[in-house]
Amino acid sequence: MPTPVVSFRQEIFMARGRYLLLLLLTSAALAADGKLRIIAFGAHPDDCDIRAGGTAARYTALGHHVKFVAITNGDAGHQSQGGGALAMRRRLEAREAGRRIGIEYETLDNHDAELLPTLEVRKQVVRKIREWNADIVMSPRPNDYHPDHRYSGILVQDAAYMVVV
């Protein structure tokens, strides 16, 4: 029997553009079909599309499994609409964007412009990574100018350790 390419769990952080890439690879971690399972987190619906949409389309075209997760629901930041109506609109837009490139897209129900790196939200991130059984995790950089982006990066960075425990 051949020796696995990676015989132990690795955590590799690589800064690329405005996203932090976390690889959690083991020979057993790959999907049963031998394809990668990639999850990208963004603070708001559309953040993943902007920062990782091309990467997601490329990996999906190669047959890999990709999921985007917006940590907030996007219910703020629009000039004429807000609250639940805006959150629903952005959730539907995100879902449609995901459908068009062949990925899953999930929007969590945390309020836009109010995100903090709390234990509760970190547990949400850990749960999503575990549920997806991710081989690759992408997130915003933890030193962004926007608090929601910055805290999303911190949440994913903090969740990285807990995912493997």
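View 1. Helices (H or I, at least four residues) and strands (E, at least two) are DSSP runs, numbered from the N terminus. A heads-up before zooming in: this is a predicted model, where local features need pLDDT of at least 70, side-chain atom pairs count only at pLDDT 80 or more, and totals for chains, interfaces and linings use all residues. Residues are numbered from 1 along each chain as its sequence is written, and side-chain values use heavy atoms, with hydrogens and water left out.

**View 2. The largest nonpolar core.** This core has 17 residues, and the ones touching the most other members are Ile39, Phe41, Ile71, Val125, Ile129, Ala134 and Val137. At least two core residues come from each of β3 (37-42), β4 (65-72), α3 (119-132) and α4 (147-163), with α3 giving the largest share, 5 residues. A nonpolar core here is a set of buried Ala, Val, Leu, Ile, Met, Phe, Trp, Tyr and Cys residues joined through side-chain atoms within 4.5 Å; buried means under 20% relative accessible area, exposed over 50%, partly exposed in between (1.4 Å probe, protein chains only).

View 3. For the protein as a whole, buried residues make up 45% of the 165 residues.

**View 4. Around Ile71.** Leaving out residues up to four places away in sequence, Ile71 touches Phe41, Gly42, Ala43, Leu108, Asn110, Leu115, Val121, Val125 and Ser152. A contact means heavy atoms within 4.5 Å. Looking at contacts across the protein between residues at least 6 apart in sequence, 70% join residues at least 24 apart.

**View 5. Ser152 in helix α4.** Ser152 sits in α4 and is buried, at a relative accessible area of 0%. Not counting residues up to four places away in sequence, Ser152 touches Gly42, Ala43, Ile71, Leu115 and Pro140. Take Leu115: Ser152 is 37 residues from Leu115 in sequence, yet their C-alpha atoms are 8.0 Å apart. The Ser152 side chain also reaches the backbone oxygen of Asp148 at 2.8 Å.

**View 6. A histidine pair.** His149 is another α4 residue, buried with a relative accessible area of 13%. Its side chain makes a polar contact with the side chain of His44 (3.4 Å). A polar contact is a pair of N or O atoms within 3.5 Å; within protein, one must be able to donate a hydrogen and the other to accept it, and residues adjacent in sequence count only if both atoms are side-chain atoms.
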